[in-house]
Amino acid sequence: MSVLEKRLVDRSGNKCELCGYEHDLQVYQVPPTSERTLEDSILACKNCITQIEDPEKIDPNHWRCLNDSMWSEHLPVQIIAWRMLNRLRSEGWPQDLLGMMYLDEEALAWAKATEDTEDEAEKIIHKDSNGNILADGDSVVLIKDLDVKGANFTAKRGAPVHRISLVHDNAEQIEGRVDGQHIVILTQYVKKTK
């Protein structure tokens with residue numbers, strides 16, 4: 001057993017850091033890093049690694065384990081959790097988890113460094129009323145009073161919406177909380193804040 005593997009076993013309690021499985025464990029180096037260090041590797045089971053490396057073999061229900069592992073204190077585990085949730089976002093439930101995750105700029109750049117889930121022509125780009133590109137986790141303000149259907153209230157102009165979630169199959173919609181209500185908002189009625 002290598003020194004790195006021993007340290008990962010100690011860190012993880014000899015379990016897959018993604019799903020908690022205790023067998024067929026191996027060191028997985030989180031791309032695109034070229035080092036083999038504790039800071040860019042995880043201990044993962046063969047099943048998780050196979051699904052990470054081959055999108056054709058993904059079992060979405062297997063990845064419900066990310067509900068727990070996305071909160072890991074170890075950055076490489078968070079990076080893989082973000083990538084898999086992003087890859088599975090069309091399932092619906094990963095979208096909620098992505099909305100709760102926070103990665104700083106450097107970590108998010110690492111997480112996006114191997115984004116191979118869709119080619120550039122198929123990417124849906126969300127833009128605010130001024131044409132600024134929106135991303136999950138951004139903050140926006142409403143630029144118009146909006147009647148919220150089914151909630152019987154009006155979201156007032158100037159209301160802040162923090163940590164938005166993008167509706168990944170519709171470039172004109174985002175989701176967020178206004179006055180404690182989770183609502184869908186049209187991008188043409190928001191302005192990105194710094």
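**One tryptophan and its core**

Modeller: Trp63 sits in the loop between helix 2 (46–53) and helix 3 (66–69). Keep in mind that this is a predicted model.

Biologist: Why does Trp63 count as buried?
Modeller: Its relative accessibility is 0%, and buried means under 20%, so Trp63 gets the label.

Biologist: What does Trp63 touch, leaving aside residues up to four places away in sequence?
Modeller: Leu18, Cys48, Gln51, Ile52, Ile58, Met84, Leu88 and Trp93. Contact here means heavy atoms within 4.5 Å. Take Met84: it is 21 residues from Trp63 along the chain, with 7.7 Å between the C-alpha atoms.

Biologist: What makes the link between the side chains of Trp63 and Gln51 a polar contact?
Modeller: The distance is 2.8 Å, and the cut-off is an N or O pair within 3.5 Å, with one atom able to donate a hydrogen and the other to accept it. So the pair qualifies as a polar contact.

Biologist: Which residues touch the most other members of the largest nonpolar core?
Modeller: Leu18, Ile42, Trp63, Leu66, Ile80 and Leu85, out of 31 residues. Strand 2 (41–45), helix 2, helix 4 (75–87), helix 5 (93–100) and helix 6 (105–112) each supply at least two core residues. Helix 4 gives the largest share, 7 residues.

Note on methods: Residues are numbered from 1 along each chain as its sequence is written. This is a predicted model: local features need pLDDT of at least 70, side-chain atom pairs count only at pLDDT 80 or more; totals for chains, interfaces and linings use all residues. Side-chain values use heavy atoms; hydrogens and water are left out. Helices (H or I, at least four residues) and strands (E, at least two) are DSSP runs, numbered from the N terminus. Buried means under 20% relative accessible area, exposed over 50%, partly exposed in between (1.4 Å probe, protein chains only). A nonpolar core is a set of buried Ala, Val, Leu, Ile, Met, Phe, Trp, Tyr and Cys residues joined through side-chain atoms within 4.5 Å.
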